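Biologist: I'm new to this one. Can you put it on screen and walk me through it?

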Amino acid sequence: MSLTRVIEALLFSAQKPLSIREMAAAIRGAGGEDAAAAGPNEFARVTEAEIAAALEQLKIENVQERRAFQIIEKAEGWQFATDPAFARWVRQLFPAPKPARLSAPALETLAIIAYRQPITRADVEAVRGVNIDGVLQTLMERGLVKIAGRAEIPGRPLLYETTRFFLDHFGLRTLDELPNVEELRTRHLPMARPLAAPPGSVTPATTDS
């Protein structure tokens, strides 16, 4: 029995992505009551580096043997996924309506949050030039954006950041995989100005349609 086959069995059985640490714990912990019947655990001292190497070997095998599935790394770990080449057939098993696409204003707002997080609503509005209350609510309901705390400035406004689901949805492992991430994170963008009007006054703002 090889380590690659053990890992393949774990990924096949798991209901969620598995991190290398989770795989290592499962492999090392095998035995116990089953030890007498199955024999000693030959992988009891497996290292995370050995598991990472076995995962790469599995990826190569799947490509070379042209299997209908592949092993992919996501933000939460590794898992099996159908090769995109078979998508049109597999899709027939899941005829549910496709989720509504994000609007252009929602995508623009999401991009600003992704590149400049954590960021306040006012600073996003300063970049976009419009009120984002409705768009921000939509992004939070979709699970793409969440509250990250409060800014240490007067009024302590809420800070917003993207979620782990955001990474999975766009096929990213980390935020560093965003296109041109360093350039866009350092580029100067407009910021909200402190309110100069008396308390209680309201300045009209344009709203996304």
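Biologist: At roughly what angle do the axes of helix α2 and helix α4 cross?
Modeller: Roughly 110°, and the axes come within 10 Å. Here α2 is residues 20-29 and α4 is residues 48-64. Axes are lines fitted to C-alpha atoms, for helices over the stretch in contact, with angles from 0 to 180 degrees between N-to-C directions. So α2 is roughly perpendicular to α4, a label for angles of 65 to 115 degrees.

Biologist: Which residues of α2 and α4 make the contact?
Modeller: From α2, Ile-20, Arg-21, Met-23, Ala-24, Ile-27 and Arg-28. From α4, Glu-48, Ile-51, Ala-52 and Leu-55. Contact means heavy atoms within 4.5 Å.

Biologist: How do the residues of that contact divide?
Modeller: Into 7 nonpolar, no polar and 3 charged. Ala, Val, Leu, Ile, Met, Phe, Trp, Tyr, Cys and Pro count as nonpolar, Asp, Glu, Lys and Arg as charged, and the others, Gly among them, as polar.

Biologist: Before going on, what sort of model is this?
Modeller: A predicted one: local features need pLDDT of at least 70, side-chain atom pairs count only at pLDDT 80 or more, and totals for chains, interfaces and linings use all residues. Residues are numbered from 1 along each chain as its sequence is written, and side-chain values use heavy atoms, leaving out hydrogens and water.

Biologist: How many helices and strands are in the protein chain?
Modeller: 10 helices and 5 strands. These are DSSP runs, numbered from the N terminus: helices are H or I with at least four residues, strands E with at least two.

Biologist: New topic. Which strands does β5 pair with?
Modeller: β5 (residues 158-162) pairs with β3 (residues 119-120) in the antiparallel sense, over 2 bridges. It also runs antiparallel to β4 (residues 145-150), with 5 bridges. Pairing takes at least two DSSP bridges.

Biologist: Which residue of β5 is the bridge partner of Thr-120?
Modeller: Leu-159. Arg-150 stands opposite Leu-158.

Biologist: And Thr-162, is that buried or exposed?
Modeller: Thr-162 is buried, at 8% relative accessible area. Buried means under 20%, exposed over 50%, partly exposed in between, using a 1.4 Å probe and protein chains only. Thr-162 is in β5.

Biologist: What does Thr-162 touch?
Modeller: Among others, Leu-110, Ile-113, Ala-114 and Leu-175, leaving aside residues up to four places away in sequence. Its C-alpha is 6.0 Å from that of Ala-114, 48 residues apart along the chain.

How values were computed. Parallel < 35°, antiparallel > 145°, perpendicular 65-115°, else oblique.
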